[in-house]
Amino acid sequence: MTCLQCGSAVTSARETVNYDAMMGLPVTLKNIEVRRCASCGEYEVVIQRAQRLMEVLAGSLIRKPSRLSGDEVRFLRKYLGWSGADFARHIGATPETVSRWENDAATIGGTADRALRLMVATARPVHDYSLDTLEDIANEAQPVERLGMLILRDDWQMAHAAIRL
């Protein structure tokens, strides 16, 4: 391998690296590959299975016994793939409130903290669910709907539209 900056040879070694700036959290990566150029000093940290690293970090954060810090809220929001405005809409807060949480100008409330942890714990990409649906949820309780479910090839799916009881 050659250095992208100066073209000199690059060596590779396993090291322990403080990776705070890239993650937005105080993270130490142990036994990680680092490629270094002896000529110009450039180096590259090689992250294998980066998505899995994010999953493990997110899992660690939602299990911590104290309230989430601003940096932790920001990391989890980004882990979920949301902008600040989208996250605010999901959690039922204003974008300004989310900004205050992330900048430690205000502490995230207990209910929002738990909701964020649950969002992360149950995170699955949903492509056909509009945020507008969340905003349109009525304030009054409505009668329960019966949902028709059908199992095909060991997988459940909606059999028909909801029926009002």
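## Fold, sheet and core of a predicted model

Of the 165 residues of the protein, 27% count as buried. The structure is a predicted model. The protein exposes about 11,700 Å². Carbon and sulfur atoms supply 51% of that area.

**Overall layout.** Seven helices and five strands make up the secondary structure of the protein. Read from the N terminus, the elements run β-α-β-β-α-α-α-α-α-α-β-β. Among contacts in the protein with a separation of 6 or more, 44% come from residues 24 or more positions apart.

Three strands form an open sheet in the order 1-2-3, and their pairing is antiparallel. Strand 1 (10-18) and strand 3 (43-46) are the edge strands, each pairing on one side only. From one strand to the next, the twist averages 35 degrees. Eight bridges join strand 1 and strand 2 in the antiparallel sense. N18 stands opposite T28, which belongs to strand 2.

**The core.** The largest nonpolar core holds 28 residues. Which of its members touch the most other members? They are F75, L76, F87, I91, W101, L116 and V120.

In soluble globular proteins, nonpolar side chains tend to be buried together.

**L76 in the core.** L76 is one of the members that touch the most others. Leaving out residues up to four places away in sequence, L76 touches A58, L61, I62, L68, L116 and V120. Two of these partners, L116 and V120, are also listed among the members with the most core contacts.

Is E72 buried or exposed? E72 has a relative accessible area of 12%, so it counts as buried, the cut-off being under 20%. Which residues does E72 touch, not counting those up to four places away in sequence? The partners are L25, L61, K64 and R67. L61 is touched by E72 and also by L76.

Conventions
Residues are numbered from 1 along each chain as its sequence is written. This is a predicted model: local features need pLDDT of at least 70, side-chain atom pairs count only at pLDDT 80 or more; totals for chains, interfaces and linings use all residues. Side-chain values use heavy atoms; hydrogens and water are left out. A nonpolar core is a set of buried Ala, Val, Leu, Ile, Met, Phe, Trp, Tyr and Cys residues joined through side-chain atoms within 4.5 Å. Buried means under 20% relative accessible area, exposed over 50%, partly exposed in between (1.4 Å probe, protein chains only). Contact means heavy atoms within 4.5 Å. Helices (H or I, at least four residues) and strands (E, at least two) are DSSP runs, numbered from the N terminus. Accessible areas come from the Shrake-Rupley method with a 1.4 Å probe; for residues, only the protein chains shown count as cover. Two strands pair if DSSP finds at least two bridges between them. Axes are lines fitted to C-alpha atoms, for helices over the stretch in contact, and angles run from 0 to 180 degrees between N-to-C directions.
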